[in-house]
Amino acid sequence: FYLDASGCHGLISAPSDQSSGIPWYNGSYTVTNAVRDGIGAGEFNTERIIANQGPGNYAAQVCANYQGSNYGDWYLPSKHELNLMYQNIGQGNALGLGNVGGFANNFYWSSSEYDINIAWDQLFSNGLQYADGKNFSFYYVRAVRAF
């Protein structure tokens, strides 16, 4: 869903959702310092979230555990990376491809933290980004990886 200027490196989305309802956090409201945004920031954020929250069943951990196409370097996308997915392979349809990613008309978590209680997400039915409670457990997750 993204290629850099060289055309040799970019980001790829998992072909399907890793969860259709999971919280951002592991039950502890803490500052994870997962505040980076932009290309590649999701990987940094995912590492920070997991180091802070520990093992469990939450958005960043689900992405890190994903082994799609025999790769183990998947992560929860940053706010910007999530928006690129919406625009290029989701309902945003900037490339004229339609929703080739098969995204639901629902909220998807990003790895970008807003504050101790809140993280960024995006509603794929209209493309708007919101800052919502880390405890919301009905948000979807789609892993990404760099190549």
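Tutor: One cut-off comes first. A residue counts as exposed over 50% relative accessible area and as buried under 20%, with partly exposed in between. Keep in mind that the model is predicted.

Start with the open sheet. It has 3 strands, in the order β1-β2-β8, and the pairing is antiparallel. Which strands are at the edges? They are β1 and β8, and each pairs on one side only. Strand β1 covers residues 2-3 and holds leucine 3. Leucine 3 has 51% relative accessibility, so it counts as exposed. Leu3 also belongs to a nonpolar surface patch, together with Ile12 and Phe147. That patch has an area of about 280 Å².

Now take β2 and β8. They pair in the antiparallel sense over 3 bridges. Leucine 11 has alanine 146 in β8 as its bridge partner. Strands of a sheet pair through backbone hydrogen bonds, either parallel or antiparallel.

Serine 13 also sits in β2, which spans residues 10-13. Is serine 13 buried or exposed? Its relative accessible area is 11%, so serine 13 is buried. What does it touch? Leaving out residues up to four places away in sequence, serine 13 touches Phe1, Trp74, Met85, Ile89, Phe103, Arg142, Ala143 and Val144.

Follow Arg142 from that list. Side chains of opposite charge can pair when their charged atoms come close. Here, the side chains of arginine 142 and aspartate 17 meet in a salt bridge, at 2.8 Å, N to O. Aspartate 17 is in the loop between β2 and β3 (19-22), while arginine 142 is in the loop between β7 (139-141) and β8 (144-146), so this pair ties together parts 125 residues apart in sequence. The two partners have their own accessibility values. Arginine 142 is at 2% relative accessibility, so it counts as buried. Aspartate 17 is at 24%, so it counts as partly exposed.

Glycine 68 and serine 16 are 52 residues apart in sequence, yet 9.8 Å apart in space, C-alpha to C-alpha. Glycine 68 lies in the loop between α2 and α3 (79-89). With a relative accessible area of 9%, glycine 68 is buried.

Next, move to valine 141. Not counting residues up to four places away in sequence, it touches Asp17, Gln18, Ser19, Ile22, Ala59, Cys63, Leu76, Tyr108 and Trp109.

Go on to β4. Of its 7 residues, 7 are buried, so β4 is largely enclosed by the rest of the structure. In a regular strand the side chains alternate between the two faces of the sheet. In β4, Phe107, Trp109, Ser111 and Glu113 point one way, while Tyr108, Ser110 and Ser112 point the other way. Strand β4 forms a hairpin with β5, with 4 residues between them. The two run antiparallel and are joined by 4 bridges. Tyrosine 108 stands opposite glutamine 122 in β5.

The end of β4 carries a charged pair. Glutamate 113 forms a salt bridge with lysine 134, with the closest N and O atoms 2.4 Å apart. Lysine 134 lies in the loop between β6 (129-133) and β7, and glutamate 113 in β4 (residues 107-113), so the pair ties together parts 21 residues apart in sequence. Both lysine 134 and glutamate 113 are buried.

How many salt bridges does the structure hold? There are 4. One of them joins arginine 48 and glutamate 47, at 3.7 Å, N to O. Both ends are partly exposed: arginine 48 has a relative accessible area of 31%, and glutamate 47 has 44%.

Key: Residues numbered from 1 in each chain as written. Predicted model: local features only at pLDDT ≥ 70, side-chain atom pairs only at ≥ 80, totals over all residues. Heavy atoms only, no water. Buried < 20%, exposed > 50% of the residue type's maximum accessible area, 1.4 Å probe, protein only. Contact = heavy atoms within 4.5 Å. Pairing = 2+ DSSP bridges. Patch = residues over 30% accessible without salt bridge, like charges linked within 9 Å, V, L, I, M, F, W, Y side chains within 5 Å. Areas by Shrake-Rupley, 256 points an atom, 1.4 Å probe, with all protein chains shown as cover.
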